[in-house]
Amino acid sequence: MVRPAPSAAVALLVAVITLGAGCTDVTPSPAEAAVVPGTQGSDLLEQRSKGSPTAPVRVVEMSDFQCPWCRRFSTETAALLDQEYVATGKVRWIFINFPISQLHPNAVAAAEMAMCSATQGKFWPMHDLLFKYQDKWAPLREPGQFLLTLADSLHIARDSIVPCLQEGRTRALVQRDANTASRLGAQSTPSFLIEGALLSGAYPVDLFRHVLDSIYRAKTAPR
């Protein structure tokens with residue numbers, strides 16, 4: 001269960017939540033109880049989580065690999081947050097798929113590639129390549145062959161990745177992720193659930209620093 005964020009941080013998130021740029025779901029679902037997916041079994045959540053499991057702050061990123069704003073966050077902001085918060089044990093970062101196929105017809109295929117790569121322990125490397133080469137595969141009518149070249153570059157054996165993709169072994173997982181993102185209140189990508197408060201948009205790193213620092217101080221202050 002995700003604990004509510006401290007009131008000051010919640011106020012900040014509420015103040016900025018309507019200002020962010022992102023890719024919007026044309027059929028948004030209402031927010032329900034904030035429940036993070038399980039950490040074991042077919043969710044492969046451990047493969048797409050990083051940072052200490054005991055980190056005081058938990059962030060759930062809900063993202064679409066074909067969304068240009070998600071790419072912007074990944075290429076401009078995520079590496080700095082990894083260095084400053086994830087690697088230092090302050091933040092546990094969890095990725096769940098929220099492909100908005102109404103806007104991005106190749107988003108589901110990319111998400112399935114990422115999840116099939118996760119079964120081979122290569123989620124984060126594939127995550128990075130999907131965003132790095134988004135402008136190459138996103139416009140393709142059939143992106144499958146190009147996506148396979150990304151798997152080749154990561155030395156993922158084709159006899160492992162191809163059956164996973166062809167048989168749709170992770171398709172239900174991607175759909176469960178999307179359903180979870182909707183339950184958590186996400187209506188656009190990228191969206192971030194930060195200790196119970198929702199932030200939507202590819203904001204610059206300074207805003208994330210302000211929010212994460214505020215929550216971290218509140219949660220680690222002597223009681």
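Predicted model: local features only at pLDDT ≥ 70, side-chain atom pairs only at ≥ 80, totals over all residues.
Residues are numbered from 1 along each chain as its sequence is written, and side-chain values use heavy atoms, with hydrogens and water left out. Local features need pLDDT of at least 70 and side-chain atom pairs count only at pLDDT 80 or more, while totals for chains, interfaces and linings use all residues.

**Exercise 1. Describe the protein chain as a whole.**

Start with secondary structure. The protein chain has ten helices and seven strands. These are DSSP runs, numbered from the N terminus: helices are H or I with at least four residues, strands E with at least two. Next, burial. Of the 223 residues, 48% count as buried; buried means under 20% relative accessible area, exposed over 50%, partly exposed in between (1.4 Å probe, protein chains only). Last, contacts, meaning heavy atoms within 4.5 Å. Among those with a separation of 6 or more, 80% join residues 24 or more positions apart.

**Exercise 2. Work out how helix 4 packs on helix 7.**

Take the geometry. Helix 4 (residues 107-118) and helix 7 (residues 144-153) have axes that come within 11 Å and cross at roughly 25 degrees. Axes are lines fitted to C-alpha atoms, for helices over the stretch in contact; angles run from 0 to 180 degrees between N-to-C directions. Classify the angle. Under 35 degrees counts as roughly parallel, over 145 as roughly antiparallel, 65 to 115 as roughly perpendicular and the rest as oblique. Helix 4 and helix 7 are therefore roughly parallel. Now the residues. Helix 4 contributes Ala109, Ala110 and Met113; helix 7 contributes Leu147, Leu148 and Ala151. By class, that is six nonpolar, no polar and no charged residues. Here Ala, Val, Leu, Ile, Met, Phe, Trp, Tyr, Cys and Pro count as nonpolar, Asp, Glu, Lys and Arg as charged, and the others, Gly among them, as polar.

**Exercise 3. Repeat the analysis for helix 4 and helix 8.**

Helix 8 spans residues 158-166. Its axis lies 9 Å from that of helix 4, at an angle of about 135 degrees. That makes helix 4 oblique to helix 8. Glu112, Met113, Cys116 and Ser117 in helix 4 meet Ile161, Cys164 and Leu165 in helix 8. The classes are five nonpolar, one polar and one charged.

**Exercise 4. Characterise the pair of phenylalanine 73 and phenylalanine 208.**

Apply the ring rule. Rings of Phe, Tyr and Trp (its six-membered ring) pair if their centres lie within 6.5 Å; planes under 30 degrees apart count as stacked, over 60 as edge-to-face and the rest as tilted. The count comes to eleven aromatic pairs. In this one, the centres are 5.4 Å apart, with 50 degrees between the planes, and the pair is tilted. Phenylalanine 73 lies in helix 2 (residues 68-76) and phenylalanine 208 in helix 10 (residues 205-220), so the pair ties together parts 135 residues apart in sequence. Both phenylalanine 73 and phenylalanine 208 are buried.
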